[in-house]
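I am opening a notebook on this model.

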Amino acid sequence: MKYLWVIPFLLVSIFSCKNKPTTNGAKAATDSSKFYPLTDFIQEQIAYVDLRDVEIFQKHQTATKTDSSIISKDQFKQLAASFLPLDISKPDIKKSYTETVFHDLSTASYTLNYKASQASDLVKNMDILLDEQTKMVKRVFIVSEFQKADTNIMEHYSWTVNKQFQITRTIETASGRSNETTTVYWIRK
């Protein structure tokens, strides 16, 4: 009598095991996770600058030289477009990344972090800071790395909403290492 409850449990277990659907020939589940659409954000920022009466500046720095100049909106668009190939939200690309979310009380932000799982991925890491209240983007940080012949190139991208973006490139060859930084910012006239 003491173990009578075991019989119904075993019967339920046996029948539930037999009624499981088979997965032979079944299609893999569709990935419904959403990554932040970087391309949409960059295109919105390009439109933001394009629709305003702003002066756009470019500052290019190397170890030995700094150049500053005013650039046209077309030049701005060309430089800003360098962020577009870094979008990892496309289904065939995002499967190589893991997403984590961190609520940072010190900056009143949520940080979406995307980390590459394969060494061959162009984008190694991406952080998108969202405003705690509005859930709008405040900053974007991206690290990419790739090889060109015998040269290793690491790039750090950053975008501050409605203000500026920056690309820092570290180039490493057998003969040494060099850094260059391009900063683009805009000011209302």
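**Entry 1: ground rules**

I call a residue buried under 20% relative accessible area, exposed over 50% and partly exposed in between, with a 1.4 Å probe and protein chains only. Glu180 gave me a test case: its relative accessibility is 22%, so it counts as partly exposed. The model is predicted, so I take local features only at pLDDT of at least 70 and side-chain atom pairs only at pLDDT 80 or more, while totals for chains, interfaces and linings use all residues. Residues are numbered from 1 along each chain as its sequence is written, and side-chain values use heavy atoms, with hydrogens and water left out.

**Entry 2: salt bridges**

I searched for a side-chain nitrogen of Lys or Arg within 4 Å of a carboxyl oxygen of Asp or Glu, which is my definition of a salt bridge. The structure holds 5 of them.

I looked at Lys189 and Asp53. Their closest N and O atoms are 3.7 Å apart. Lys189 lies in the segment after E9, and Asp53 in the loop between helix H2 (38-50) and strand E1 (54-62), so the pair ties together parts that are 136 residues apart in sequence. My helices (H or I, at least four residues) and strands (E, at least two) are DSSP runs, numbered from the N terminus. Both Lys189 and Asp53 are exposed.

Next I turned to Glu155 and Arg169. They form a salt bridge, with the closest N and O atoms 2.7 Å apart. Glu155 is in strand E7 and Arg169 in strand E8, so this pair joins parts 14 residues apart in sequence. Glu155 is buried, at a relative accessible area of 6%. Arg169 is partly exposed, at 24%.

The Glu180 to Arg169 bridge is 3.1 Å, N to O. Glu180 lies in strand E9 and Arg169 in strand E8, so parts 11 residues apart in sequence are tied together.

**Entry 3: aromatic rings**

I pair rings of Phe, Tyr and Trp (its six-membered ring) if their centres lie within 6.5 Å; planes under 30 degrees apart count as stacked, over 60 as edge-to-face and the rest as tilted. The search of the whole structure finds 11 aromatic pairs.

I checked Trp159 and Trp186. The ring centres are 6.1 Å apart and the planes stand at 55 degrees, so I log the pair as tilted. Trp159 is in strand E7 (residues 151-160) and Trp186 in strand E9 (residues 176-188), so the pair ties together parts 27 residues apart in sequence. Buried or exposed? Trp159 and Trp186 are both buried.

Phe165 comes from strand E8 (residues 164-173) and Trp186 from E9, 21 residues apart. Phe165 has 0% relative accessibility. For Trp186 I noted 8%.

Ring pairs link Phe41, Phe76, Phe83, Tyr157, Trp159, Phe165 and Trp186 into a cluster.

I also logged a charge over a ring (NZ of Lys or CZ of Arg within 6 Å of the ring centre and within 35 degrees of the ring normal). The charged end of Lys94 sits over the ring of Phe35, 5.6 Å from its centre.

**Entry 4: the core**

I define a nonpolar core as buried Ala, Val, Leu, Ile, Met, Phe, Trp, Tyr and Cys residues joined through side-chain atoms within 4.5 Å. The largest has 31 residues, and Phe76, Ile142, Trp159, Phe165 and Trp186 touch the most other members. The largest share of this core, 5 residues, comes from H2.

I listed contacts of Phe165 (heavy atoms within 4.5 Å). Leaving aside neighbours within four places in sequence, Phe165 touches residues including Phe76, Leu79, Ala80, Phe83, Trp159, Val184 and Trp186.

**Entry 5: strand E5**

I count two strands as paired if DSSP finds at least two bridges between them. E5 (residues 123-131) is mostly covered, with 7 of its 9 residues buried.

On one side, 7 bridges join E5 to strand E4 (residues 109-116), antiparallel. E4 and E5 form a hairpin with 6 residues between them. The bridge partner of Thr111 in E5 is Leu129.

E5 also runs antiparallel to strand E6 (residues 137-148), joined by 7 bridges. Leu129 stands opposite Arg139 in E6. This hairpin has 5 residues between its strands, and Lys135 in the turn has a positive phi of about 65 degrees.
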